[in-house]
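Open the model in your viewer and keep the sequence panel beside it. The tour begins with the whole chain and then stops at single residues.

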Amino acid sequence: MKRIITTIAALLLLHIAVVAQNIAGVTIDNLSMKRSGEYMTIKMDIDLHSLSVKADRATVITPMLVSTTDSIALEAMALYGRNRYYQYIRNNTPLVADDKGNNYRASEAPRAIDYSVVVPYQAWMDGAYLKVERKEYGCCHKLLARESIGIGLYKELVFSPLYVYVRPLPEKVKTRVLSGSAFIDFPVSETVIYPDYRNNRTELGKIIASIDTVKNDPDNTITSLSIKGYASPESPYDNNTRLAKGRTQALKEYVQHLYHFAGDFITTDYEPEDWAGLRAYVEASDLEYRNKILAIIDSHREPDPKEWVLKSTYPEEYKFLLENCYPALRHSDYKIAYEIRQYDDIEEIKRIFANSPQKLSLNEFYRLAQIYEPGSDELNDVFETAVRMYPNDEIANLNAAISEMQHNDMTRAQRHLDKAGNSPEAIYARGILEAHLKQYDKALELLRQAHELGIAEAQNAIEQINQLK
């Protein structure tokens with residue numbers, strides 16, 4: 001098998017640092033914005049060495065977090081010239097409230113401020129940017145000048161792992177089997193088929209329709225047909241052996257007469273008494289003595305004594321089974337083995353996918369998927385259809401799970417990963433899923449295991465998770 005890695009989106013970091021920014025005597029450097037759970041911490045260095053405030057003026061510097069839908073003003077700083085500072089002291093008229101920042105006399109204000117605030121995190125802050133606003137006031141709080149500058153953008157870390165698909169190996173021969181069951185009725189003790197007897201026309205039609213479905217498709221070549229006949233347990237075992245064998249042979253001859261297959265094309269087998277079918281029916285029933293009847297069925301008695309014990313011990317239940325279960329135990333199971341030709345042209349594969357997806361191999365599904373964008377509805381549809389056609393195949397389930405993760409459907413991804421086996425790629429995919437579910441400790445355990453098993457891409461995911469935790 002071949003591993004294919006899809007491209008990933010750009011990694012957006014929680015922690016942001018920018019080069020120094022200037023706004024009228026104020027220099028901002030070393031900005032960082034980092035979220036930790038329910039809070040965001042904003043840090044920066046503010047240099048005021050070049051800020052000059054006239055005696056009758058005041059300057060307010062306010063950092064703000066702003067998005068397209070909301071904003072919040074952070075702790076501000078007001079710096080007063082000599083005259084304005086005394087006016088502020090005498091009249092107690094601060095430009096910045098005590099709980100929202102600090103008021104300084106300009107000559108006494110710190111020249112370098114290690115600014116740090118913590119605010120409750122809100123969803124709108126993802127994608128918000130930090131700006132610093134500078135306002136200059138004159139007498140009576142008159143606004144004389146106002147300017148602002150954007151410093152940096154905050155963006156949540158997006159977990160963007162490398163998704164590793166597995167290419168299924170091509171099938172040298174695409175062999176398939178179409179199976180079914182027919183319930184042919186025979187008169188008591190007879191082994192001759194009467195097509196018009198009871199519901200035989202319909203039951204024989206099942207077999208004919210199945211054969212024709214395969215035979216009439218030019219892409220198919222039938223390679224064999226097998227028939228296995230079953231009888232129910234109510235008669236002596238020797239007689240049931242005769243009936244099962246004879247009725248199976250009669251069905252073979254009926255089909256042979258219609259299609260004129262080669263002499264050894266149709267193979268037959270028979271089961272004199274279908275105890276397995278009886279057991280399955282009883283186990284699924286709500287019979288009063290279900291468990292005791294199952295014990296009889298599972299016993300090591302010979303068939304005829306077993307039948308007698310069941311009949312004599314639980315006559316009412318036996319009568320019920322005779323009427324409701326035994327008729328279905330007289331059946332003929334058939335299997336039509338055939339080969340499907342290979343499809344090489346991608347346009348032909350697209351046509352087959354749209355009309356008869358069951359004719360595609362997993363490798364052909366995979367080749368079709370390569371023409372679609374990762375995460376697209378079309379790609380997801382291809383892998384979803386592939387796993388419906390091959391529900392127990394580990395690679396089909398793995399690729400479907402990966403596609404669903406890229407399609408942001410973690411519930412379906414989990415269901416398919418349960419059937420994806422334990423290959424290194426499957427372990428890696430489970431680690432990626434746990435990370436998407438924010439189960440980081442479990443994700444790291446799986447990813448480290450995958451990395452030890454040779455999945456190099458796991459290291460990238462581990463590093464991302466360590467930033468997220």
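**The whole chain**

Of the 469 residues of the protein, 45% count as buried. This is a predicted model, and its pLDDT averages 92, with 96% of the residues scoring at least 70. Now select residues 5-17, where the pLDDT is below 50. In the model this stretch has 43 contacts beyond near neighbours in sequence.

Show the whole chain again as a cartoon. It has 16 helices and 16 strands. What radius of gyration does the protein have, and what would a compact globule of 469 residues have? The protein has 39 Å, whereas the globule would have a value near 23 Å.

Among the contacts with a separation of 6 or more, 65% are between residues 24 or more positions apart.

**Surface and charge**

The accessible surface of the protein comes to about 24,500 Å², and carbon and sulfur atoms account for 49% of that. Next, colour the charged side chains: 55 are positive and 66 are negative. The centres of these two sets lie 6 Å apart.

Most residues other than glycine have a negative phi.

Select asparagine 30, which sits in strand 3 (residues 26-36). Its phi is near 55°, a positive value in a residue other than glycine. Is asparagine 30 buried, partly exposed or exposed? With a relative accessible area of 44%, asparagine 30 is partly exposed, because that class runs between 20% and 50%.

Move on to asparagine 92, in the loop between helix 1 (82-91) and strand 8 (101-105). The phi of asparagine 92 is also positive, near 50°. Why does asparagine 92 count as exposed? Its relative accessible area is 59%, and exposed means over 50%.

**Aspartate 264**

For the last stop, select aspartate 264. Where is it placed? Aspartate 264 is in the loop between helix 3 (237-259) and strand 15 (266-271). Aspartate 264 is exposed, with a relative accessible area of 66%.

Note on methods: Residues numbered from 1 in each chain as written. Predicted model: local features only at pLDDT ≥ 70, side-chain atom pairs only at ≥ 80, totals over all residues. Heavy atoms only, no water. Helix = DSSP H or I, 4+ residues; strand = E, 2+ residues; numbered from the N terminus. Rg over C-alpha atoms; globule rule 2.2 N^0.38 Å. Buried < 20%, exposed > 50% of the residue type's maximum accessible area, 1.4 Å probe, protein only. Contact = heavy atoms within 4.5 Å. Areas by Shrake-Rupley, 256 points an atom, 1.4 Å probe, with all protein chains shown as cover. Lys, Arg positive; Asp, Glu negative; His and termini not counted. Charge placed at Lys NZ, Arg CZ, Asp CG, Glu CD. pLDDT = per-residue confidence, 0-100.
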